[in-house]
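Subject: Structure handover

Hello,

Here is the structure you are taking over. Please keep it open while you read the notes below.

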Amino acid sequence: MAHLRKRGDNWQITIEVGRDPVTGKRERIYETVKGTKKEARKRMHELAYQVENGTYVEPSELTMKEFMLKWYEDYCKNNLAPSTQEYYEMIINSHYIPLLGNIKISDLKPMHIQSYITEKLNNGRLDGKEGGLSRKSVKRHYTVLNQILKYAVKLQVIDRNPADPISPPTPNKPEIQAMTHEELSELLEHVEGWLYDFIYIASFTGARRGELLALRWKDVNFKEKKIQIKQSASKLSGGRLVFREPKTNSSIRPIDIDEDIIKILKRRNKKQKEDRLRLGENYNNEYDLIFVKENGNPYFPDYATKQFKKAVRKLGLEEYRLHDLRHTHATLMLQAGVHPKIVQERLGHSSITQTLDTYSHVIPSMQKEAVQKLKNSLKK
C-alpha cells in the first residue's frame with residue numbers, strides 16, 4: 001500500500017512493506033518530496049514499484065565526503081595510473097569536498113550538481129586569482145563525479161544517479177596552431193644537441209612529449225625504420241617520474257621514420273655509449289631511454305617544455321607550444337596530400353573522425369585541390 005499526504009509545503013510518501021517477522025510490527029518507508037502533487041505521486045509510484053520488485057535501496061547515511069574517499073581507496077588506487085590517481089585526489093579534496101562533502105549521498109540532487117558546475121565556471125580557481133575554471137576543466141570535474149555516482153549505484157548505495165539529468169559544459173574548441181615549413185626550419189637552425197634531436201623527431205613523427213621522453217632503444221627497429229610507442233613519461237607532484245602505458249589502445253602504435261631520424265638516433269646511441277665509458281660508475285644505467293642527460297638521468301617533461309619555450313622566444317615564435325609540434329606534423333602531412341587515415345594512425349587518435357575534427361582548418365584547401373582534380377579528370 002502507498003499513501004500520499006500533504007505536510008506543510010511538502011508531500012509525504014508512505015509505503016507499507018509488510019510486518020517485521022520477529023516483532024510483528026508494521027514496517028513502512030517514508031520519503032518527503034518538495035514540489036507538486038503530480039511530482040510526488042510519480043515518485044510514490046516509483047518507490048512502490050521498487051519495493052514490489054526488490055530493487056528498493058534504503059537511503060544511505062554516508063556523506064559525499066565519506067563515499068568519495070571510499071571510492072578513491074577502493075577503486076582509484078587499484079585501477080588507475082599514479083598520475084590519474086593524483087589528479088582525482090586533488091579534485092576530491094580541493095573541489096568536491098568543500099562544496100558537496102557534507103551532503104548525504106542519498107540527499108544529493110541534480111540541482112546540487114548544477115550549482116557545483118556553475119560555481120566552478122564562475123569562481124573555481126584555487127590559485128588566488130579571480131575567475132572560474134575553463135569549460136574543459138569543469139567538464140572533467142563532471143565526468144569524475146559521474147563516475148563516483150555510477151559506482152554508488154553499482155554498490156546499491158543509491159538507487160539512481162543524480163548526475164544523469166545534468167549536461168556538462170561543452171568545451172570551447174581550441175585553436176590549433178602549426179608552424180610553417182619556414183618557421184620549423186628556422187627553429188631547427190637555432191637549436192642544437194639533445195633539443196635539436198627532440199624537436200626534429202617530434203616534428204616528423206607527431207609523437208607526444210611524454211611518449212618521446214619514454215622512448216627506449218628496444219622500441220626502435222633500425223632495420224624496418226620504425227619506432228614503437230609503448231609508454232609515456234609523466235611527473236607526479238612529489239617530483240617522481242613515472243612511466244606507464246598510454247591511456248588508450250590507439251596510442252600504443254608503430255610510427256614509420258625516415259633515414260634522417262635513423263641518423264639522429266644512431267648519433268645519440270653512439271654518444272650515450274661514449275658517456276657511459278667516460279663516466280663509468282657515475283653513469284646511471286637504470287634507464288634504456290633515448291633521451292637522457294650525459295650522466296644517464298632522464299629528462300623531465302617540464303624541463304623539455306621550458307627549453308622549448310626559451311628557444312622559440314629567442315626567435316619571436318613564442319606563440320607556439322611544445323605540443324604544437326604534433327599539430328605541425330599533422331598539418332604539414334595533410335597539406336602534402338597524405339591520407340587522413342595515415343595521419344590518424346601516426347598520431348594515435350582513436351578514430352579518423354577525431355583527426356578530421358581536430359584539423360578541419362586544413363581541409364578546405366584540400367577540398368579546393370580535390371575539386372580541381374575532378375575538373376581536370378573530366379576534361380580528359
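In which helix does H329 lie? H329 belongs to helix α11, which covers residues 324–335. Before going further, please note that this is a predicted model.

**H329 and its surroundings**

Is H329 buried or exposed? Its relative accessibility is 5%, and the limit for buried is under 20%, so H329 counts as buried. The side chain of H329 makes a polar contact of 3.0 Å with the side chain of R346. If residues up to four places away in sequence are not counted, H329 touches A202, S203, F204, T205, G206, R346 and L347.

**The cavity**

Helix α11 also takes part in lining a cavity. The structure holds one cavity of 30 Å³ or more. The volume of the largest cavity is about 50 Å³. Which residues line the largest cavity? They are F198, A202, A207, R208, R209, L322, H323, L325 and R326. At least two of the lining residues come from α7 (193–205), and at least two from α11. Sorted by class, the lining has five nonpolar residues, one polar residue and three charged residues.

Strand β1 (residues 2–7) pairs with β2 in the antiparallel sense, over six bridges. Within this pair, R7 is opposite N10 of β2. The two strands form a hairpin with two residues between them, and G8 has a positive phi near 70 degrees there.

β2 also pairs with strand β3 (residues 26–34), again in the antiparallel sense, over eight bridges. Here I15 has I29 of β3 as its bridge partner. The hairpin of β2 and β3 has six residues between the strands, and in it G24 has a positive phi near 80 degrees.

T14 sits in β2, which spans residues 10–19. With a relative accessible area of 11%, T14 is buried. Apart from neighbours within four places in sequence, T14 is in contact with M1, A2, H3, R28, I29 and Y30.

β5 (residues 226–229) pairs with β8 over four bridges.

In β8, R253 and I255 make up a covered face, while P254 and D256 make up an uncovered one.

**A separate hairpin**

Strand β6 (residues 232–235) and strand β7 (residues 241–244) pair in the antiparallel sense, over four bridges. S234 is opposite V242 of β7. β6 and β7 form a hairpin with five residues between them, and G239 in the turn has a positive phi of about 95 degrees.

Most residues other than glycine have a negative phi. Q156 is not a glycine, yet its phi is positive, near 60 degrees. Q156 is in the loop between α5 (135–154) and α6 (181–189), and it is exposed, with a relative accessible area of 59%. K225 is not a glycine either and has a positive phi of about 55 degrees. K225 is in the loop between β4 and β5. How accessible is K225? K225 is partly exposed, with a relative accessible area of 32%.

**One more residue**

K306 is in helix α10 (residues 301–314). Its relative accessibility is 51%, and exposed means over 50%, so K306 counts as exposed. K306 and V338 are 32 residues apart along the chain, and their C-alpha atoms are separated by 32 Å.

Regards

Definitions and conventions:
Residues numbered from 1 in each chain as written. Heavy atoms only, no water. Pairing = 2+ DSSP bridges. Buried < 20%, exposed > 50% of the residue type's maximum accessible area, 1.4 Å probe, protein only. Polar contact = N/O pair within 3.5 Å; in protein donor to acceptor, adjacent residues only side chain to side chain. Contact = heavy atoms within 4.5 Å. 1 Å grid on protein atoms, 1.4 Å probe; cavity = no way out; pocket = protein on both sides within 12 Å on 5 of 7 lines; lining within 4 Å. Points joined across faces, edges and corners; volume = space filled by probe spheres on them. Nonpolar A, V, L, I, M, F, W, Y, C, P; charged D, E, K, R; others polar.
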